Amino acid sequence: MLITRRKFILATAALCSAASIAHAQDNKVLRVATDATFPPMEFVQNGHRTGFDIDLVEAMAKEMGRRVQWTDIDFKGLIPGLVAHRFDVAVSAIYITDARKQVVDFTQPYYHGGLVVLVKKSNTAIKTPADLDGKKVSVQVGTKSVDFLRTHYPKVQRVEVEKNEDMFNLVQIGRVDAAVTGKPAAQQYAKTTGDMRVLDTPLTTEEYGMAVRKDMPQLTQQLNAALDKIKADGTYAKLLKKWFGPDAK
């Protein structure tokens, strides 16, 4: 009996030690999810994840003394994935909204964005957002664009797609009249293709934030502190210029 009890105590101690080591290792890992289909914020190039959001998170994690464990997931699964504790942070050009703040926390804003309208240069029928009524407009499932059009432009024929690139491609091939999406990606796509344009009048002016599990307030504070530090040391400004040009602010 004594031997059995001693073995039990030793086994329990070993398990506790292993759990402590695992916990310590977990504290060195930042579990982050993204939908890398939204250049220049996040996208895949030559088989590698890259973009402003990606570089920003890596720089912040370095400041925090952590390494990033990335999870790739469709945009619509980012918030549910946080709620289900599949990962701890979601970074994918996510607008800070009151509805989202009910289920997740957000860091301080890290970039100014907003919804815009993307059309082909040859499209003369859409000159302002008001011209969207009655038109076919592609939007990505799970993004704010869907509810925004439903609420403010109910006469629009929404074409909802799973992937960001599909949304742009539908405009390119003429299957839809326009796409409504975030300003950085729309401008990047227009610049890359050369035959697209972004309407001068934006639909909204908003801010991007990093979404964090609600049960991890300390992590939100640590992320905010890291963001403040890389802004102070010039790292943030360098990333802005890298991804948005010399005049980026």
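Which glycine just after α6 takes a positive phi? Glycine 174 does, with a phi of about 85°.

## The model and its overall make-up

This is a predicted model, in which local features need pLDDT of at least 70, side-chain atom pairs count only at pLDDT 80 or more, and totals for chains, interfaces and linings use all residues. Residues are numbered from 1 along each chain as its sequence is written, and side-chain values use heavy atoms, with hydrogens and water left out.

The protein chain holds nine helices and 15 strands. These are DSSP runs, numbered from the N terminus: helices are H or I with at least four residues, strands are E with at least two. The chain has 249 residues, and 45% of them are buried. Buried means under 20% relative accessible area, exposed over 50%, and partly exposed in between (1.4 Å probe, protein chains only).

The accessible surface of the protein chain is about 13,100 Å² (Shrake-Rupley method, 1.4 Å probe). Carbon and sulfur atoms supply 53% of it.

Helix α5 spans residues 144-152. Its buried residues are Ser145, Val146, Phe148 and Leu149. Their cover includes β9, β10, β11 (157-161) and β12 (178-182).

Helix α6 covers residues 164-172, where Asn164, Met167, Phe168, Leu170 and Val171 are buried. Seen down the axis of α6, these residues fall within an arc of 155°, so they line one face of the helix. The arc is that of the directions from the helix axis to the C-beta atoms.

## Where α2 meets α8

Helix α2 (residues 52-64) packs with helix α8 (residues 217-232) at an angle of about 105°, and their axes are 9 Å apart. That makes α2 roughly perpendicular to α8 (65 to 115 degrees). From α2, the contact uses Leu56, Ala59, Met60, Glu63 and Met64. From α8 come Leu219, Gln222, Leu223, Ala226, Leu227, Lys229 and Ile230. By class, the contact has nine nonpolar residues, one polar and two charged.

## Glycine 134

Glycine 134 sits in the loop between β9 (115-120) and β10 (136-140). Its relative accessibility is 42%, so glycine 134 counts as partly exposed. Leaving aside residues up to four places away in sequence, glycine 134 touches Lys155, Val156 and Gln157. Glycine 134 and glutamine 157 are 23 residues apart along the chain, with 6.4 Å between their C-alpha atoms.

Definitions and conventions
Axes are lines fitted to C-alpha atoms, for helices over the stretch in contact, and angles run from 0 to 180 degrees between N-to-C directions. Angles under 35 degrees count as roughly parallel, over 145 as roughly antiparallel, 65 to 115 as roughly perpendicular and the rest as oblique. Contact means heavy atoms within 4.5 Å. Ala, Val, Leu, Ile, Met, Phe, Trp, Tyr, Cys and Pro count as nonpolar, Asp, Glu, Lys and Arg as charged, and the others, Gly among them, as polar.
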